[in-house]
Amino acid sequence: MIKPKESDVTWLCGLYRIEDNYPTFVILTREPGPEVAEIHDRMPLILPSSLIGDWIKLGSDPKEVMKGALTYMHTEKG
């Protein structure tokens, strides 16, 4: 299990649209943090809950919001 350190909720960043009356989506990825790099060369773009409002707000600058993305993950091997 992989989750952000100091958080019980994982907020993945994505984009969606309706195409031919069906919702389609994509989860945005980035270079991995140190813990995830051991198992994969990409990881989802994960934000702290304090930035979710900024992410979904019309007119916000995604590049600015992404600067607050979480990179340090807690991994449980089991």
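**Figure 1. Surroundings of Leu47 in the predicted model.** Apart from neighbours within four places in sequence, Leu47 is in contact with Trp11, Cys13, Ile52, Trp55, Val65, Gly68, Ala69 and Leu70; contact means heavy atoms within 4.5 Å. The model is a predicted one, in which local features need pLDDT of at least 70 and side-chain atom pairs count only at pLDDT 80 or more, whereas totals for chains, interfaces and linings use all residues. Residues are numbered from 1 along each chain as its sequence is written, and side-chain values use heavy atoms, with hydrogens and water left out.

**Figure 2. The largest nonpolar core.** This core has 8 residues in all: Cys13, Leu45, Leu47, Leu51, Ile52, Trp55, Val65 and Ala69. A nonpolar core is a set of buried Ala, Val, Leu, Ile, Met, Phe, Trp, Tyr and Cys residues joined through side-chain atoms within 4.5 Å. Buried stands for under 20% relative accessible area, exposed for over 50%, and partly exposed for values in between (1.4 Å probe, protein chains only). Of the 78 residues of the protein chain, 22% count as buried.

**Figure 3. Ser49 in its loop.** Ser49 lies between strand E7 (46-47) and helix H2 (52-56), in the loop that links them. Helices (H or I, at least four residues) and strands (E, at least two) are DSSP runs, numbered from the N terminus. Ser49 counts as exposed because its relative accessibility is 53%. Although Ser49 and Val9 are 40 residues apart along the chain, their C-alpha atoms are separated by 8.1 Å.

**Figure 4. Glu19 and its polar partner.** Glu19 belongs to strand E3, which covers residues 14-19. With a relative accessibility of 35%, Glu19 counts as partly exposed. The side chains of Glu19 and Arg17 are joined by a polar contact of 2.6 Å. A polar contact is a pair of N or O atoms within 3.5 Å; within protein, one must be able to donate a hydrogen and the other to accept it, and residues adjacent in sequence count only if both atoms are side-chain atoms. The C-alpha atoms of Glu19 and Ser50 are separated by 30 Å, and these residues are 31 apart along the chain.

**Figure 5. The protein chain as the setting of these views.** The chain contains 3 helices and 8 strands, which follow one another along the sequence as β-β-β-β-β-α-β-β-α-α-β. Its C-alpha atoms fill a box of roughly 40 × 25 × 20 Å, taken along the principal axes. Among contacts between residues at least 6 apart in sequence, 48% join residues at least 24 apart.
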